[in-house]
Structure formats: structure tokens, C-alpha cells
Amino acid sequence: MSKEQPLLRVARKKSDPPVSNDDGSRSVSGENAVEALCSLLETTGLVGNERMGEIRARSAGGSVAEAIVDVGLAPIVVAKRHGLPYVDLGPMDINQDVIEQIPIHILERACAVPYELRQGRISVAVADPSDVQAIDELRLATKHSLALAVASREDIELQLRQISRVQEAWQRAALVEDDALQVPEEPEDDLGADDGVSDAPLVRLVNSIILEAAEEGASDLHFEPQPDGFLVRQRIDGVLHEVQRLPRRLGPSILTRLKVLAKLDIAERRRPQDGRISLSASAAGRELDVRVAVLPSVEGEGCVMRLLDKSKRPPTLQEIGFSDEMRMQLEHIVERPTGALLVTGPTGSGKSTTLYAALTQLNRPDINIITVEDPVEYRVGGINQVQINHKAGLTFALALRTMLRSDPDTIMVGEVRDVETAKISIEAALTGHFVLSSLHTNDAPAALTRLNEMGVEPFLTGSAVSAVLAQRLLRRLCTHCAEAYTPAPAEIDALRTEKYGITVEPSRSLYRKVGCPRCNGTGYRGRVGIFQLMVMSDNLAHLASQRSGHDILERAARDEGMNTLWRDGFEKVAAGLTSLEELHRVLV
């Protein structure tokens, strides 16, 4: 039995010509096609009048099918079409006894979740009720009869990940209690340390912790010795979360296992060590390059793992979250043949991602782009990427000098860390190259004073720098549980409205976090950037050459239209993308 045809097809664009059918008749296209599909959907009675109006607004000049997905109606339409109930799995707390009725690997193949067991009948939510083979497999996997329902694929996959995490946590707890993990106390002689290779339960324990971090989308994984245990934490969306507190006696064996994976010296416990691991987390769909840093502390050795996704595609300037005006300014700046664009902000503020968004804009066959980074965070075809190797003597300065002899049009320097790198980068921007780089400063005007403090001549800074972009990353509110509220006057006063010229209406509704299963109770899911763009002018270049202070540069830039991070952040808050609490956490 073949799958049924989809109810809706993507409408053609307005500019597309009419298409001839096999019988020679003409098909409607563009605006007429959108209206025809909306009318057809309306007559079916699958969607109410209120939602139908939203679909018409979103599909203006575009696709009806995409509009249905945007408003979250796709699974509802599928459910009504097949005569099945629709269930919202988001707020559900599914009993473990129900989950155990069907093996997890079958649920993952069928993209299905059982959510209720009553009188010998098990209710199962599926994403695609027309997949007969998957449904037959579900029926064969349980002794109970099935009652099918439809849920969104996103919610089903989220529930399956949570089920997997619970099962992994149980397995991990069993491993901790396993006799094989009753490791002896740390020996006095370093050479007597266990190599961690032959201890199979310990290997499974470490692997499960690392793979769980990969599936959660964590950027960092911390193993930290504490007086009362061995702490495991994940950094997700820029914030650390405790995952597990293991017995302290397991710390030395876990660190030894991590050293083996990173090809480090397992007998060295007194000096810091750096290494790397290549990891394929197929369940998470991530190809990871893991940077490992082992650091001795007073409580023992700890380890921090930076998880870099090699398979991740860099975003474009359109996708990164700029306002339309700022995006157009940046597109104009990066198309210049010479000059320098500096991106500033603290560690973890998304500077490298922004630089790669600019490179994506420039990546064409007629331009030679060379980057020097430590580490290389994105792999992009058509760009020559150089990885810094301090052990081999390949530093930023040495790589830059070599790059300038390799006929580059555009150069990207991962970070300006020393005066030599700064001088070479600035001189390259003055000699026919476009240079992109990052710098650690709090805002855009501070980048000019920082370069002067590093030893770059002020007249070179003013002439070479085209623009400075400062940025931060804020956690994005979970769209499923965020609630509207009217902020108190004290909360508005804390925005520094007078200093930054922010006008807030007393009755203005904003949004705040709540927490639900979809966001793991945090109230946030994903991140959004806030930005401050300072475009260099003759006046700013003159002030920079005169070694003007930060306050003078900032005042002049704001007079010329430069925004502030606070103002851009509040615009994101007013749009419901993030909360005042998160804005204060990042900027105060």
C-alpha cells in the first residue's frame, strides 16, 4: 500500500510563469494559486476562521504549506485528514510503565511515542500516520492493541530524547554501583595509575556522559573534583547546568580515561595538558571535534571539553539576527576591497559565528579567502583555513606573515591576541586586503582605544578600521511556555532608560520565562544576538588619531547614529525574543 499524497503542495512564486498540465491546460500560479489553495483549505473545514486568517497573512506572496507549518497547524491538518485525534505532547508527563511497552529503538524508527495505557489499549502518538510499515512494526512490538493519534514531529523527537536520557541516567547509576567501578584510592606513585582502558563499565560511563552532552547541544563539558564528589556540568546556551555528582573516588579513573581518549600523558598529574578527540555522535547528528584541557587543582585534576560541531553550517548575515538597517550596513562594509571589520565581545559571545557569516557573504570563486584560527570552528568549502599549532611554532603572527605572501583578497584572523598580530592585521588592511578579526572589549568604541594600548599607531587605526561590531548572546525565550506580563516600574528603571534613550510605555506587555518539558524547565531554548555597530567616519578617524578617550569616541559615535547594546537588547525584549531578566544577566 503506497503512502497517500500530501494535502497541500508548495505554491509557486509570483514571478513564476503559469505551468502547462499534461492535457495542455494552464495551472494557476503566484497570487491566484495561493488564494485557490487557501479557499480549498477553508472549504475542507480543517482549519478555523481565526487560524485561516493567520495563514492567509503569512502566505501572502509565498507558500501556503510553509504558512501552515509556521503557525503550528501542520500536525493538526494531518490528524484531521486521517480522522485521528491530535495530542500536544509538550506538557505531558508520560508514565515510565507506558514507555516500556515498546522498545525505544522501534519508537525512534517509527517516530512515535506511547503516552497512555488504559484497559489493555495503548495510545501512541505518531508523526506520519500514512507510514503503514512503521505502524505495523509498532503493532508487532507490543501485546496491546493500538490507538493512534498525531503529534508534531518536533514534540515526538523531544520526548524520545528525554526517554533516552532517562534510560542512560539509569544505566549510569547502575554503572556507578557496579563492582567493577570500586576503584582503589589514588596511589601515591603516579606510575601505578590505572590506564582506564580495560575497565569496560568505566568506559561506558564516560562515553554516556560525553554522548549525552553532544545530544543536548552542549558547547562545553566540565569534569570538576569537589570535596564531596566529582561534579559533571554542561554549558548549554551559555549557562552551566549540573548533570551529575559522581563519587569522588571515580575522579582519577575518569580523568585517566579522558587522557587516553585525548592521547595525553596518563602519568602526568602535576602540569596542565591539552589534547583533542574526534567524535561522531550519530544520535545527535553531530560530527564533533572535542578540545580537551586538563588542569590540576587543589582538589585534584579537572577537565574541560569544548565540543566543536564540524558538521555545522555557518549562518548568513540574514540569519544571524541583525536588524534590516544594520544588516545592510554590514553587507556594504564587507564588500569593500580594503579595510578591517573588528568584532568585539567576551568569550562565548558568538564573534566567530559573525565573522563566518561575513565570510559566507564574500565566499565566491573570484575571491581568495584565507583564515587563521585557533581552533577552526567551521569547515567551509572554498576557503583556505589555517589551524594554529603552537607546538610546531605556527603562531598567529607567523601565519599572517605567510598568508600575505599567498595572494589573499580577504583575511580572517580568529583573534587579535598580541601587538605583533594587531600591527600585521592593521597594515594588511591598508595594503589592499580586507581583514576580519575579533577582539576582547566591552563595546565598539573600546576597540579603538584597545588597539592604541596594544601599540598600534593611532593614525593607522583610524585609517584602517572600517567598522567595529560589538555583540552579546542572550538566551531565547521558549515559545511554548513564555508568558506575557506588565513589568513593574522598578524593573523598567533598571534598564537605564535615561542614559540610553529607551522609552517604555507603562502598560507595555513584555514576556518572561516559565519553564516546560520542551526547554527542560529553564524557560529558554536557543539564543539570540544583540549588536552595536560603529561605522568609522572621518570624524571618528580623526578622534582616534588624536588618542581620544573612550567616552569621547562613544559620544561622537552615538551622535552619528550608533546604537547601544542596551537599546538593541530591549528591542529584542519588546519583540518577545528574550526577557528583561536575561538582558540584565548579560549586560549588567
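**Entry 1: Asp-407**

Is Asp-407 buried or exposed in this predicted model? I looked up its relative accessibility, which is 62%, so Asp-407 counts as exposed. The classes I used are buried for under 20% relative accessible area, exposed for over 50% and partly exposed in between, with a 1.4 Å probe and protein chains only. I placed Asp-407 in the loop between α13 (396–403) and β13 (410–413). Helices (H or I, at least four residues) and strands (E, at least two) are DSSP runs, numbered from the N terminus. The phi of Asp-407 is near 55°, a positive value in a residue other than glycine. I also noted Ile-369, which is 38 residues from Asp-407 in sequence and 9.3 Å from it in space, C-alpha to C-alpha.

**Entry 2: basis of the values**

The model is predicted: local features need pLDDT of at least 70, side-chain atom pairs count only at pLDDT 80 or more, and totals for chains, interfaces and linings use all residues. Residues are numbered from 1 along each chain as its sequence is written, and side-chain values use heavy atoms, with hydrogens and water left out.

**Entry 3: confidence**

I then looked up pLDDT, the predictor's confidence in each residue, from 0 to 100. The protein has a mean pLDDT of 80, and 78% of its residues reach 70 or more. Confidence is highest in strand β10 (residues 339–344), at a mean of 96, and lowest in helix α3 (residues 64–70), at 52. The pLDDT is below 50 over residues 1–30, a stretch with 45 contacts in the model beyond near neighbours in sequence. Contact means heavy atoms within 4.5 Å. Over residues 179–198 the pLDDT stays under 50 as well, and there the model has 36 contacts beyond four places in sequence.

**Entry 4: overall composition**

I recorded 22 helices and 18 strands in the protein. Of its 588 residues, 49% are buried. Among contacts with a separation of 6 or more, 63% are between residues 24 or more positions apart.

A pair of aromatic rings is described by the distance of the centres and the angle of the planes. Rings of Phe, Tyr and Trp (its six-membered ring) pair if their centres lie within 6.5 Å; planes under 30 degrees apart count as stacked, over 60 as edge-to-face and the rest as tilted. By this rule I find 3 aromatic pairs. Why is the pair of Tyr-356 and Tyr-378 tilted? The ring centres are 5.2 Å apart and the planes stand at 55°, so the pair is tilted. Tyr-356 belongs to helix α12 (residues 351–362) and Tyr-378 to the loop between β11 (369–373) and β12 (384–387), so that the pair links distant parts of the chain, 22 residues apart. I found Tyr-356 and Tyr-378 both buried.

Pro-314 also touches Tyr-356 and Tyr-378, together with Thr-360 and Val-380, not counting residues up to four places away in sequence. I located Pro-314 in the loop between β9 (300–309) and α11 (324–334). Its relative accessibility is 8%, so Pro-314 counts as buried.

**Entry 5: backbone exceptions**

Most residues other than glycine have a negative phi, and most peptide bonds are trans. The peptide bond from Asp-374 to Pro-375 is cis, with omega near 0°. I placed Pro-375 in the loop between β11 and β12. Asp-237 is not a glycine, yet its phi is positive, at about 55°. Asp-237 sits in the loop between β5 (229–236) and β6 (239–246), and at 22% relative accessibility it counts as partly exposed.

**Entry 6: core and helix packing**

A nonpolar core is a set of buried Ala, Val, Leu, Ile, Met, Phe, Trp, Tyr and Cys residues joined through side-chain atoms within 4.5 Å. The largest one has 41 residues, of which Leu-451, Val-465 and Met-534 touch the most other members. Leaving aside neighbours within four places in sequence, I list Leu-342, Ala-422, Ile-426 and Val-465 among the contacts of Leu-451.

Helix α15 (residues 445–454) packs against helix α20 (residues 550–559) at an angle of about 145°, with the axes 8 Å apart. Axes are lines fitted to C-alpha atoms, for helices over the stretch in contact, and angles run from 0 to 180 degrees between N-to-C directions. Pro-445, Ala-446, Leu-448 and Thr-449 of α15 make the contact with His-550, Leu-553 and Glu-554 of α20.
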